[in-house]
Amino acid sequence: MGVVNVTPDSFSDGGRFLDPAAAIAQAHKLVEEGADLIDLGAESSRPGSAAVSAEEELCRLLPVLRALRDLPLSVDTVKPEVMRVALAEGAAMINDINALRAPGALAAMAAGDAAACLMHMQGSPGTMQQHPHYDDVVAEVKAFLQERIQSVRAAGIAPERVVIDPGFGFGKTLEHNLELLRHLAEFAALGVPVLAGWSRKSSLGTITGKPAGERLAASIAAAMIAAQNGAAILRVHDVAATRDALAVLMAVEKK
Ligand code: HH2
């Protein structure tokens, strides 16, 4: 999954793809580099970010969504209004960092047949990194995702349409993120595909001491560990380099 943020303020590519033409070109570039799916986001969820209105989000998103109709698209949103428009425009997936918990989100998804990515987040982007706390991060995140899988199924969305994500960096310390990565195979055992998003995240900056623009090698290392531990979808900004690393991993695993 290649990431294109049509935002002024995303943590690593904010402002670069706010112009629709730049976003469209970047999405085509990522597909040429080997992305199977493009994740379009029009509202940043970086720690401390401010929410935007549905009107503003759609205003950023729609020209890009319409120009990229021929590509497999995921739309990264928490708002049912935006989900409904994205699904009507043919999006293949809704990627919801709030796991379809907003009133109306389950109904919006149930009306279509697109896939849904359910992500775990403790708190909300504005405050989530202030005091993340868990007694047992793996058990708690797993229990949350199991509950969401059941709620989604009860709303009439078949499990075949569902992907889960432990939400690296969303209300988690570095140690929480590492613990989830170590135990990712337990999430894969829940029976639906697992998505992992480590690309350029601040935990990698804490480990390496590097700013967001210099975390490519660290991002690839984390993505490969996630893949080895059962992740089926890797959410990345740097598709070509991740593809090469994955090709080596797959060659080894094929034996
Ligand atoms: N991470 C970000 C945004 N959306 N969705 C899922 N499912 N998993 C993730 O790990 C994830 C996500 C944050 O990264 P980015 O989109 O690059 O930045 P921003 O939220 O600042 O736009």
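**Close-up views of a predicted model**

**View 1. Valine 4 stands opposite leucine 40 in strand E2.** The model shown is predicted. Strands E1 and E2 pair in the parallel sense, and four bridges link them. From E1 the chain passes through helix H1 (residues 20–32) to reach E2, a β-α-β crossover that is right-handed.

**View 2. The residues of strand E2 point two ways.** Ile38 and Leu40 point one way from E2, while Asp39 and Gly41 point the other way; all are buried. In a regular strand the side chains alternate between the two faces of the sheet.

**View 3. Strands E2 and E3 run parallel and are joined by four bridges.** Isoleucine 38 has leucine 73 in E3 as its bridge partner. The chain goes from E2 through helix H2 to E3 in a right-handed β-α-β crossover. Helix H2 (residues 54–67) lies across E2 (38–41) and E3, and runs at about 175° to E3.

**View 4. Strand E3 (residues 73–76) pairs with strand E4 (residues 93–96) in the parallel sense over three bridges.** Here serine 74 stands opposite methionine 93 in E4.

**View 5. Six strands form an open sheet with parallel pairing, in the order E1-E2-E3-E4-E5-E6.** Strands E1 (2–5) and E6 (162–165) are at the edges and have a single partner strand each, so one side of each lacks a neighbour in the sheet. From one strand to the next, the twist averages 20°.

**View 6. Helix H6 (residues 174–182) has buried residues His176, Asn177, Leu180 and Leu181.** Seen down the axis of H6, these buried residues fall within an arc of 135°, so they line one face of the helix. Their cover includes helices H5 (137–154), H7 (184–188), H8 (202–208) and H9 (216–228).

Note on methods:
Residues are numbered from 1 along each chain as its sequence is written. This is a predicted model: local features need pLDDT of at least 70, side-chain atom pairs count only at pLDDT 80 or more; totals for chains, interfaces and linings use all residues. Side-chain values use heavy atoms; hydrogens and water are left out. Two strands pair if DSSP finds at least two bridges between them. Helices (H or I, at least four residues) and strands (E, at least two) are DSSP runs, numbered from the N terminus. Axes are lines fitted to C-alpha atoms, for helices over the stretch in contact, and angles run from 0 to 180 degrees between N-to-C directions. Contact means heavy atoms within 4.5 Å. Buried means under 20% relative accessible area, exposed over 50%, partly exposed in between (1.4 Å probe, protein chains only). The arc is that of the directions from the helix axis to the C-beta atoms. A crossover is right-handed if, with the strands pointing away from the viewer, the path from the first strand over the helix to the second runs clockwise.
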